[in-house]
Amino acid sequence: MRIETSSVHGGRDEFAELGVHAPPVDLSSTYPLTDLAAAAEDFDRMAAGGRPQRGQAIYGRLHNPGVARWEDALARLEGAAGAVAFASGMAAIHAVALALRLRDLEEGRSRDRLVAVRPLYGGTDHLLASGLLGYEVDWAEEDEVAAKIGPRTAAVLVETPANPTLALADLAAIVGQAGGVPVAVDNTFATPVLQNPLALGAAFSIHSATKFLGGHGDVIAGAVAADERWCARLRQARVLAGGLLHPWAAFLLHRSLPTLPLRVERAQETAGELARRFAAHPAVIRVLYPGLPGQDPRGLIGEQMRGPGAVLAVELADAAAAAAVCERLRLATVAVSLGGAETLVQSPAAFTHRLVEEPARARHGIAPGLLRVSAGLEHVEDLWADFARALEDLPAARGRNGSGAGFRAA
Ligand SMILES: *Cc1c(COP(=O)(O)O)cnc(C)c1O
């Protein structure tokens, strides 16, 4: 089935039997133990990362049927055996780290290093750099992954398109470089509509479901799609550490799923048109958007991705120009986050990537004048009128390269 169909029907197999049409919300924190022997069996199963087979959910941290149905729907879109939902995108990333530890405990081995390809979402970068996870991080450019892999490497983490520069990474090549070490891909920007990392050999496809999957700015959520073995460890990590998704959030995510392909496609069209217009504007130094000519020299769009996505970045002369534009916008909302119905604009250097070390920001083109734009579902002409007015009277940018090649790390 095509994604337009599976996004409408995913996770609904039991609905007819349940006699419902909309995703039912089960808010139970605990469940009556109607069959003690069956419950004990299901308890053991869930503690080991399985799902209940004898119909005994037992306790809300172990299992929730509504959450499980959304997980199944997402897994289907990702072409994955399963998916596991978490309280946020960051909780999902944390759970991947815990699942890697669980594998080491099973195998009686210790792998305490991660290879991370920059740029990454600022929160992820900061989590890794903080040392909190107990992993040493080997930061890598895309072509340095093989050189950084060692016997203690637990996994490779990469984001494509990357937040906030929209840099693309060649996932099949990275999987090749990793040589059997699991590759975790943050697929938040692409969504399963545009990219399926598992089909390219990645072990994990991670989502901040807060963004496009939720799509309406009203839910914080995360998820990881993976094979059955990894899903079991991820569920085990969730049972142990408790970073679970609330059933009401799962309802909102399930409700948003049928429109995901439509929303991504329309926002992507708008992003492409905005990118072309920004690139021709004299106040703009450069536009970072993989759909612009020259910005995808390896032809990853069409191969790895089905489109360039709905997020772009626009570099203005300096932080003052970026702030001036933010102050003048009337229609686009100045706010962090992305992937919703409303167009959102923010300065990565000042907000989302504020905690990333300055040399790493400079190296990857996260300039003080950079604005990230997440195209929403408004009419493109209304949006452009807003942006054009906000850019009016800004001095022409020196050294502009508006429609030319994107930023490449020096
Ligand atoms: C927002 C975001 C995250 C973090 O997700 P939360 O839901 O905010 O915890 C991780 N990765 C990317 C690419 C993001 O944009």
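Predicted model: local features only at pLDDT ≥ 70, side-chain atom pairs only at ≥ 80, totals over all residues.
Residues are numbered from 1 along each chain as its sequence is written, and side-chain values use heavy atoms, with hydrogens and water left out.

Helix α13 spans residues 319-328. Helices here are DSSP runs of H or I with at least four residues, strands are runs of E with at least two, and both are numbered from the N terminus. The buried residues of α13 are Ala 321, Ala 322, Val 325 and Cys 326. Buried means under 20% relative accessible area, exposed means over 50%, and partly exposed lies in between (1.4 Å probe, protein chains only). Seen down the axis of α13, the buried residues fall within an arc of 140°, so they line one face of the helix. The arc is taken from the directions that run from the helix axis to the C-beta atoms.

A search of the whole structure finds zero disulfides. A disulfide is a pair of cysteine sulfur atoms within 2.5 Å.

The ligand is surrounded by 13 residues. The closest are Gly 89, Asp 186, Ser 208, Thr 210 and Lys 211. A residue is near a molecule if one of its heavy atoms lies within 4 Å of it. The shell divides into four nonpolar, six polar and three charged residues. Here Ala, Val, Leu, Ile, Met, Phe, Trp, Tyr, Cys and Pro count as nonpolar, Asp, Glu, Lys and Arg as charged, and the others, Gly among them, as polar.

Gly 89 places a backbone N or O atom 2.9 Å from an oxygen atom of the ligand. In the side chain of Asp 186, an N or O atom is 2.7 Å from a nitrogen atom of the ligand. Ser 208 has a polar side-chain atom 2.8 Å from an oxygen atom of the ligand. On its own, the ligand has 390 Å² of accessible area, and the protein covers 92% of that. Accessible areas come from the Shrake-Rupley method with a 1.4 Å probe; for residues, only the protein chains shown count as cover.

Two cis peptide bonds deserve a look. One joins Thr 160 and Pro 161, with omega about -10°. Another joins Asn 163 and Pro 164, with omega about 10°. Pro 161 lies in the loop between β4 (153-159) and α8 (171-178). Pro 164 is also in the loop between β4 and α8. In general, most peptide bonds are trans, and most residues other than glycine have a negative phi.

Positive phi values come next. Thr 191, in helix α9 (residues 191-194), has a phi near 65°. With a relative accessible area of 1%, Thr 191 is buried. Ser 337 has a phi near 80°. Ser 337 sits in the loop between β10 (333-334) and β11 (344-346), and its relative accessible area of 25% makes it partly exposed.

Around helix α11 (residues 247-256), the helix includes Ser 256. Ser 256 is buried at 6% relative accessible area. Its side chain reaches the backbone oxygen of Gly 214 at 2.7 Å. Pro 258 lies in the loop between α11 and α12 (260-279). At 24% relative accessibility, Pro 258 counts as partly exposed. Pro 258 and Glu 4 are 254 residues apart in sequence, yet 7.4 Å apart in space, C-alpha to C-alpha.

Other pairs are also separated in sequence. Glu 228, in helix α10 (residues 228-241), is 179 residues from Gly 49 in sequence and 9.8 Å from it in space, C-alpha to C-alpha. Asp 393 is in the segment after α15 (380-391). Asp 393 is exposed, with a relative accessible area of 70%. Between Asp 393 and Ala 283 there are 110 residues in sequence and 8.6 Å in space, C-alpha to C-alpha.

Terms used: Polar contact = N/O pair within 3.5 Å; in protein donor to acceptor, adjacent residues only side chain to side chain.
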